[in-house]
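Please look over the sequence and the structure first.

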Amino acid sequence: MSTTEASITIPKLQGEPAEKKMVGRSVKPRKDVPLLKGAGIFTDDIKLPDMLYAAFVRSPYAHARIKRIDASRALQLEGVVWVLTGREAARQLVSWMNKPGLRTPERLSLAKEKVRYVGEPVAAVAASSRAIAEDAVELVEVEYEPLPVVVDAERALEAEAPLLYEDWGDNVLYREEFRSGGTEMAFKEADLVVSERLVSHRYSPTPIETRAMLADYDKEKDTLQVWASTQFPHVLRTFLAQVLDYPENRIRVIAPNVGGGFGIKSAVFQDEVSVVILSMKLGRPVKWYESRNEHMLTAGHERQQVHYIDCAVKKDGALLAVRDRIVADFGVSGTFWTEVQPAMLTAASLPGPYKLRNYDFDLLCVVTNKAPCGPHRGFGRPVAAYVMERMMDIIARKLEMGPEEIRLKNMIDVKDMPWTTPIGVLYDTGNYKDVLNRTLTISNYHELRKEQARLRKEGKTLGLGLATYVEYTAPGSGRLQGPLGWSVGGWESCRLTADPSGKVTAQLGMSGQGQAHETIFAQIISDALGVNFEDVRVMEGDTQQAPYGWGAWASRATVTTGGACIRASRKLRDKVLLIAAHLLKEAPDDLDFKGSRITSKRDARKAVSFQEVADVAIRFSGRLPQGVEPGLDLISFYEPESPTTCSYATHLAVVAVDAETGFVNLLKYFIVDDSGVIVNPMTAHGQVHGALAHGIGGAMFEELFYDGEGQLLSSTFVDYLLPTASVMPEVVVDSIETPSLTLGGFKGLGEGGAIPTAGAIANAIDDGLSEYGVKLLELPITPERVYSLITTRER
């Protein structure tokens with residue numbers, strides 16, 4: 001295979017599923033064929049009678065006062081219905097995070113007196129077509145008074161820096177200090193202290209489908225219906241009710257097909273709220289879908305941090321303590337609903353899989369004149385993995401140890417599980433050393449080292465880079481509402497209904513964006529209930545039909561909704577067996593229920609189909625046992641037993657580096673993960689593969705680059721580079737299975753492939769260029785940056 005071809009190799013999983021069980025089978029996702037045929041329905045595909053289109057007047061300045069807005073010329077344009085301004089109808093977007101010391105920035109649906117970043121919405125136009133709305137935007141006159149700009153977070157901390165929010169007195173959005181108690185003594189006992197400044201950059205989730213919203217307010221019925229490209233329909237409904245001061249039970253939110261979420265669609269922005277306000281003011285449907293330029297300007301900016309990190313180690317490589325000072329650039333603010341949590345998660349995740357007992361950090365979340373910082377796949381953890389894994393390699397080189405050797409030296413032993421990190425995160429189950437050793441085995445790591453030495457003699461450069469991580473997924477309500485100070489629950493819901501024909505419908509509070517929920521949850525229900533997989537239909541994304549749920553984020557869907565599906569299936573199964581036992585004149589415990597058939601364990605001739613039981617429960621309820629209510633319809637809720645459910649993996653990147661150009665060729669990439677019980681290996685490894693591509697883009701290509709005046713210079717795909725098939729390496733994915741402590745034994749995996757990628761690739765390039773004496777300390781790792789490091793050292 002040439003190195004420009006992309007492929008994925010999936011070795012046979014350990015622990016093949018039992019015969020006839022659906023969990024563990026590679027089943028093709030049910031939605032794939034309709035989507036490939038173009039039959040999917042996305043928000044922008046929906047058209048309603050008398051519908052208007054919205055477009056936004058956005059600030060061309062990074063910091064300015066709004067002196068005057070004149071919409072008279074726009075309103076004269078045929079087809080323009082209204083121009084909404086902040087002074088007419090601005091609403092403050094609420095926050096669900098109550099953390100001591102967290103400031104509340106002004107976050108209005110439309111800027112009212114002041115703009116703080118390029119692209120901030122100032123006015124919203126409603127017109128009969130999108131083209132007319134966009135033409136009208138050009139006719140709205142806004143007079144600005146430019147103000148001084150600050151775009152660098154470290155400069156924003158200086159006493160003379162321009163203030164984004166004058167009443168604060170500084171530009172600190174949030175500050176947190178953590179001390180574990182023994183760190184100072186550990187540094188005194190160290191044989192070596194290694195200190196570095198590591199920089200992570202700002203980039204975007206770039207889903208295929210940008211943000212979109214269609215709001216339809218019915219004045220006669222006094223109801224509001226919203227279609228949105230969102231990861232959390234129920235949360236969006238509650239949020240809108242609070243912001244608009246409107247009864248929640250009159251709002252219906254529907255998430256149709258969503259073309260990728262990647263975190264950014266678990267946020268709500270100013271422009272989205274303005275679309276709903278327009279509809280409620282005009283009493284007509286209003287649709288807005290975001291252009292790619294708007295998306296790059298405003299949505300999903302994350303990861304921009306500077307770390308001043310010190311590591312205390314012994315001569316044998318034992319890691320004694322870590323100190324880190326983190327300066328996180330949040331742009332003008334965080335977003336609803338995660339606020340400053342991306343940086344908080346970086347700080348919490350930095351210890352990784354290591355036996356680190358002494359850990360101190362100072363976290364500064366700083367505001368600058370850039371777009372707000374929103375959630376992004378991996379959510380702060382990729383920065384933590386990059387920083388910690390780079391430090392492990394830097395320390396190993398100073399001590400003349402192998403990168404695998406120093407990691408094995410410091411990894412938590414399986415006998416020490418469960419493990420609690422210094423900051424209080426519980427690692428529930430796992431075997432970190434086994435995963436690392438398995439990575440070394442399937443990659444023939446030591447043979448690769450021999451090949452590296454041989455190629456060096458020929459003047460060629462081969463680099464190997466290891467990186468590991470631990471991701472706590474599906475956090476419970478206690479952690480969310482406690483340490484994170486978040487008004488959010490960690491549970492999920494499932495409503496199961498059987499009809500007289502014996503078919504089962506699951507209505508989930510969860511909402512998916514391409515994770516094959518309609519397939520994997522049908523697999524779980526099929527096994528837990530005992531019905532045929534083909535007879536289970538899974539529906540989600542409609543707040544009027546489904547019970548309340550918190551949505552897809554934190555790699556939580558399989559853990560939380562999978563548990564809810566199991567719990568609901570078990571309840572329904574118990575009722576089915578009770579009815580069947582009455583019909584067969586057997587005890588419920590003496591019956592088997594599988595393949596949509598209930599059979600006596602003592603006499604296989606005594607059997608009844610699930611369809612017959614369902615028919616009795618609904619149509620022929622006179623045959624029910626005394627005291628049993630008619631119907632097969634129930635709701636269950638599930639909160640994971642463990643406060644955190646931890647996935648983890650080891651990645652190994654193999655690269656070739658052209659020292660004359662700085663170009664990096666990804667040759668091969670190995671991943672061994674532990675995501676607990678895997679429901680569907682095909683879709684699971686597809687998630688890993690997609691997340692890896694996301695991580696490669698962030699590590700090597702993507703960057704949201706601002707000039708000194710706060711102008712974004714990479715707002716199109718001409719300037720903002722994405723990974724393509726031609727740069728993807730051959731990917732080998734393997735798994736071990738350590739069940740979690742939750743129902744089903746599941747762990748999250750949707751984000752993991754993106755978490756250690758930058759660390760692995762940086763370590764590989766650094767390893768390949770070790771003879772040049774370079775040290776990679778800043779992302780992204782572009783050819784220009786690599787070439788500059790090489791030529792600087794050569795001088």
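W337 sits in the loop between strand 15 (319-329) and helix 10 (341-349). The model is predicted. The peptide bond from F336 to W337 is cis, with omega near 15°. E339 also lies in the loop between strand 15 and helix 10. E339 is not a glycine, yet its phi is positive, about 50°. E339 counts as buried because its relative accessible area is 5%, and the cut-off for buried is under 20%.

Another cis peptide bond joins L779 and P780, with omega about 0°. P780 belongs to the loop between helix 20 (757-768) and helix 21 (783-794).

K585 has a positive phi of about 55° and is not a glycine. Its loop runs between helix 17 (557-584) and strand 23 (591-594). K585 has a relative accessible area of 70%, so it is exposed; the cut-off is over 50%.

| Residue | Phi | Relative accessible area |
|---|---|---|
| E339 | about 50° | 5% |
| K585 | about 55° | 70% |

Now the domains. The protein chain is divided into domain 1 (4-40 + 491-638), domain 2 (43-147 + 210-258 + 264-298) and domain 3 (305-478 + 642-792). The C-alpha centres of domain 1 and domain 2 are 39 Å apart. Contacts link 19 residues of domain 1 with 18 residues of domain 2. The size of an interface is often given as the accessible area lost when the parts come together. Here the buried area is about 1500 Å², and carbon and sulfur atoms give 48% of it. On the domain 1 side, Q513, T543 and Y548 lose the most area to domain 2, together 40% of what that side buries.

Polar terms come next. Nine residue pairs are in polar contact across the interface of domain 1 and domain 2. The side of domain 1 that touches domain 2 has six nonpolar, eleven polar and two charged residues. One salt bridge is found across this interface. R252 forms a salt bridge with D542, with the closest N and O atoms 2.6 Å apart.

Last, S291. It is found in the loop between strand 13 (286-289) and helix 9 (292-298). Leaving aside neighbours within four places in sequence, S291 is in contact with R130 and T210. S291 and T210 are 81 residues apart in sequence, but 7.1 Å apart in space, C-alpha to C-alpha. The relative accessible area of S291 is 24%, so S291 is partly exposed.

How values were computed
Residues are numbered from 1 along each chain as its sequence is written. This is a predicted model: local features need pLDDT of at least 70, side-chain atom pairs count only at pLDDT 80 or more; totals for chains, interfaces and linings use all residues. Side-chain values use heavy atoms; hydrogens and water are left out. Helices (H or I, at least four residues) and strands (E, at least two) are DSSP runs, numbered from the N terminus. Buried means under 20% relative accessible area, exposed over 50%, partly exposed in between (1.4 Å probe, protein chains only). Contact means heavy atoms within 4.5 Å. Domain bounds come from an automatic or database domain assignment. Buried area is the accessible area (1.4 Å probe) that two parts lose on being put together, summed over both. A salt bridge is a side-chain nitrogen of Lys or Arg within 4 Å of a carboxyl oxygen of Asp or Glu. A polar contact is a pair of N or O atoms within 3.5 Å; within protein, one must be able to donate a hydrogen and the other to accept it, and residues adjacent in sequence count only if both atoms are side-chain atoms. Ala, Val, Leu, Ile, Met, Phe, Trp, Tyr, Cys and Pro count as nonpolar, Asp, Glu, Lys and Arg as charged, and the others, Gly among them, as polar.
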